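Please open the model in a viewer and keep the selection panel at hand.

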Amino acid sequence: MAIETKSRESSEVETEVLATGCEAIAEAIRLADVDVMAAYPIRPYDGVMQAAAKLIANGKMDVEYIVADGEHSQFEIVKHACAVGSRVFVGSSGVGWFYAFEAIAVTAGLRLPVVAICGNRALDDPGAFGTEHNDSLAVRDLGWLLPWAETAQEALDLALMAWRIGEDKRVSLPVAIGLDGAFLTHSQHIVKIPSQAAVNKFLPKFDLGDRLLHPDNPITIAPQVDQDWLMEIRRQNDNAMRQALTVIREAHADYKRIFGRGGDNPFLDEYMTEDAEVVVIGQGTLSLPMKVAIRRLRKEGHKIGLVRLKWFRPFPTEEIVKSLTRFKAVGVIDRDYSFGSPFYGGVLYNEIRSALYSQAKRPVIVGFVAGLGGREIEQNMATEIFEKTEAAAKGGPSAGDVCHWIGVRE
Amino acid sequence: MAVETALPQIKGVKDVPYEELFVSGHRTCQGCESALVMRHMVKASGPRTIVLGSTGCMYVANTTYYTTPWVVPWMHTQLGASGSAALGTAAGLKVLMRKGKLKNEKINVIAFCGDGGGADMGLGAISATLTHKDYNCLVLLYDNESYANTDIQLSSMTPYGAVTTFSPSGEKKRLMHTRWKKNVPGMLAAGHPESRYIAAGCAAYAVDLMNKIRKALELGGPTFVHTLDPCPKGWDYHPQYSQELGHLAVECGIWPLYEVIDGMCNLTGPTRQIAEGRKKRKPVIEYLRRQGRFAHFADEDIEHFQAEVDKMWTDWLIPGVIPFTIPAKDQNILKIDKKPLHESKPA
Amino acid sequence: MAKTMEPSTRERPAVERSISIEVVYRGIFQKTLAQRITRSVVLAARKDGHTGTAFARYGDSPERNGVPAKQFAVVAADEIELEASMAKYEPSVVDVTIAVDDTLVKGVESWAWYGRQPIWKPIRKDGWLLVTSDKSAQEVLAQTDKTERPFTLGIVPGGASFAGLWVFKDDHTDYRVLGALAKILPEWISLENAKAASQELAKGDEGAIASVQLGYDSTTMRPVKVGEGTSGHEVLQFTKPGWTTMRPGIVVDARKPGERNPYYKKYGARTMRPVVNFDTCIKCTMCWLDCPDECFEVTPEGHYEVVYSACIGCGICAQVCPVKDCIVMVDELKFTDNKDKWQEWKKDRPAYNNWFEKMSGVSADPKGSAAQAAGSTGATAGGDD
């Protein structure tokens, strides 16, 4: 049931609703005046497509809604709609995301600002609907911007930011918002839906400029190349990703100014870190049980905190270094796996260690794999994570050269 | 209301437009009929056209390296994505015009694919697109009967027995490829009654082909044209004979020319003449012996080839188009009373 | 490890540790031939105790009919010496270039932005250019770019050997070439081992050995001094842009209406060019209509003029033309420029027709040839009635 909440200006009314992360994003699609979206069923992301279909059928938004014959087609459809100037939306989960992989790779290569959600889901085999981050993470090298949401509200906020940031000419890269399956895709939270007037202040029209594919702008996009050309093209994408840090900061500041949300730092969300000796870091909804544990363990005198990473790509190296060097130890919680990696750690573990490698004063960084396949992170697991991280703090520099699997039956 | 740009039917070779929208300077083989199809395709469509080109010879050869022969806007798409590229482009243009974000006008959308990308990998996406009657686009499948760009591997469009790098002729196996060519245009016509136009053409009959493309673009909705392109590299013949081999393919009855337009099937060119008895089908050996890819054929291979082509003409419901037929005892099915069950409402 | 050196400065060392050979050929038509040559080089040299590698240039692949391509053979004294030639697309310097079609001496343009490169470009100082030809060294040299460094031109007797992907024309060109190599590189390929290798490769064809000997004996050598050759060929070179100036989004400008691709002219792909008899032309449109490479311009009078800077010599126009000897394909080596011809015909018909007859070897007289439909191969005059 919608409850209206007036903000300062009476013309800019935010509406409060009870909605899943998927439904919240459907509202963002409406507010952003998306032109084309392509749907294909797979759980748990496709709630957004179902919610969007209802909005369209009821006349709440005007979007070309195409049900594709598979994820590869789905992502190709929106990529091409984007090339002719449409603002687009698409999404998938797990192996469906992988079925679209070719399209995903080339979309980034083409610098097309497609906005997607990845309803993070464990990869087959075996089939499982619960959340893992490997689907999103598999594309981490290709040029997609990868943020993760903690709440349905943040999902909506990130979606609006995604079009703004992705479409910025300095970036022009696709964005995939990570949404934990079940906890975010399917659970309903109180979400404030901004007004159209406010969104119009934040989100400019999509303008491809002289890259628009149209008879009035004769161009050829993506001719075949060889070794004499490809490195320059890749360097351009590298440059765009570097620019993304600046563009994210600007968007975050604007969002905060207009909507009053986004936290202090565009890239990190810190919880009780001011006097912490030891922190954990992770992305997505795993922050929620960890925060519960922090409050509980602090009562027992533990000086602990949480850093939640909001943007995985571009990786905010500067912010991470600035934040984490304050602590004695950092427990990295990966809701993903990277079999055979250094110290058998997850993806986040090895990236954070790499970011901190050259610092004279570094925390001990210890790895945890938890919550795979959607396994809940229960309080005893959270306690174990903090205990092991505190132990690592006392253990010397190599105490972190290990990855603990938490909550798995032997 | 959109202003329609008329693409009238071309009366004859002297009526072919001069404008060149696919120009010299593409790295195709001498005698490449697929390149000629590209040239005719955009000649027929005119400059208010967007072309999406999937991976294959007409991508790689044309743009090797970092260059283009296209005057019209052109974008690369993936091997199996022509259907999706057509659909996404058409949908994008439609909604942007409806919302006033783009000037309202007729823009032709053509996505092309080779036989590898279209008849194999991307067949599903093309099928999906042909059901979307709200979007105007043409999928053009240029068929040189192999994955030509990767140096000639067999596809489901490669003719029976032909040599490719995946089907060499050796001491143990004279023929490694014994699958018969899929009937793609007939299949798509039969399976997608909402598509207003599906046709089979050949650049050896240039005016016929250009008119088919124009009809497809003028009728609107999702449409499909399939061209047979003799390929001197893959078929192994001197490039100067590309036109001649196109004629032979049609005159031997191997590649029927036709269109299915709003539910009606018309045979065109020599195919029509053969069906009407005004022209005799040439024996397939005249076609096969001109090409090195059949040089290893034994008599029994030629006979089998001839027998299969004969079947297309003697056994099929519509020669060269629809392969299944009705048992003799059930022939009265064709004479069913065609009155609909419900009367359509008056206008 | 061998340093990368400019061909102009690389001298022939007293004791060579490796030797590089390239075969420049007509794509697809001579692909198998080039492969057989490069492989036979390595296999023959192996019999003399050397090691080696043979490889095709990756950028040429997939090859296109007629478009110049390259394959290489590198022979070395040992594996360490060979390493300098590994994990490379092509040697920067070669000792021998073998052009298996003499029209290639007019220049090599293999893909867009490649430019038109002189056939001798990678040959080291005092290296060799072997050309298979039935013409004299002088005729071949007259079409070769003016050279910047001395080399020896060897003419291996025989016309260009063309085949297809599936059916190989075994006319022993490869064995003759191997014989010629044995003559110029005896310390790497002895004549005896050239024959032995050929015998194995020929699988019982005894004529192979004779062909090796023929190549050895009959290849005529002609030293070429700096400054010899022609400056009549077009200079076609490009500077590639960098990432800061390349358009973002992998975008290149489309061709303008009426333009032809300036980055890839492609006329270097032809071995023959069409000459047109404008007097017998019946303006049927078929040549213009059926040209895959859009090489015809329509003249104000309705004739169709070949744009020689675009034509790749496929011969379709000659085949579809319904008038006998109206379009005739002629050896490319006879022509020294790409000038368009219709204006010349307009200005001075008799002079043009003389030129037509001289080049094509057929009469330009309409009464002589008669405007009759071509009948020899059963070619029909286009498919549009």
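Predicted model: local features only at pLDDT ≥ 70, side-chain atom pairs only at ≥ 80, totals over all residues.

Residues are numbered from 1 along each chain as its sequence is written, and chains are lettered from A and ligands numbered from 1 in the order in which they are written.

**Chain C**

Select chain C, which holds eleven helices and twelve strands; helices (H or I, at least four residues) and strands (E, at least two) are DSSP runs, numbered from the N terminus. The radius of gyration of chain C is 23 Å, close to the 21 Å of the globule rule for 385 residues, so chain C is as compact as a globular protein of that length. The radius is taken over C-alpha atoms, and the rule is 2.2 Å times the number of residues to the power 0.38. Along the principal axes, the C-alpha atoms of chain C fill a box of roughly 65 × 60 × 40 Å. Of the 385 residues in chain C, 49% are buried, a term that requires 20 or more other C-beta atoms within 10 Å of the residue's own, with C-beta atoms placed from the backbone.

**Chain C against chain A**

Next, show chain A beside chain C. Twelve residues of chain C are in contact with 16 residues of chain A (C-beta atoms, placed from the backbone, within 7 Å). On the chain C side, seven are nonpolar, three polar and two charged. The nonpolar class is Ala, Val, Leu, Ile, Met, Phe, Trp, Tyr, Cys and Pro, the charged class is Asp, Glu, Lys and Arg, and the others, Gly among them, are polar.

Now select residues 219–221 of chain A and 251–253 of chain C: strand 10 of chain A and strand 8 of chain C run antiparallel, joined by three bridges. Strands pair if DSSP finds at least two bridges between them. Centre on Ile219(A), which stands opposite Asp253(C).

**Chain C against chain B**

Switch to chain B, where the contact takes 47 residues from chain C and 54 residues from chain B. Helix 7 (286–290) and helix 8 (316–320) of chain C each supply at least two residues to the chain C side. Which helix of chain C gives the most to that side? Helix 8 does, with four residues. By class, the chain C side has 26 nonpolar, ten polar and eleven charged residues.

**Helix 1 of chain B**

Finally, select residues 33–45 of chain B. At 1.5 Å a residue, the 13 residues of this helix should span 18 Å, and the end C-alpha atoms are 18 Å apart, which agrees; the expected span is 1.5 Å times one less than the number of residues. Helix 1 of chain B is mostly covered, with 13 of its 13 residues buried. Gly46(B) follows the helix, with a positive phi near 85°.

Key. Buried ≥ 20, exposed ≤ 12 C-beta atoms within 10 Å, placed from the backbone. Contact = placed C-beta atoms within 7 Å.
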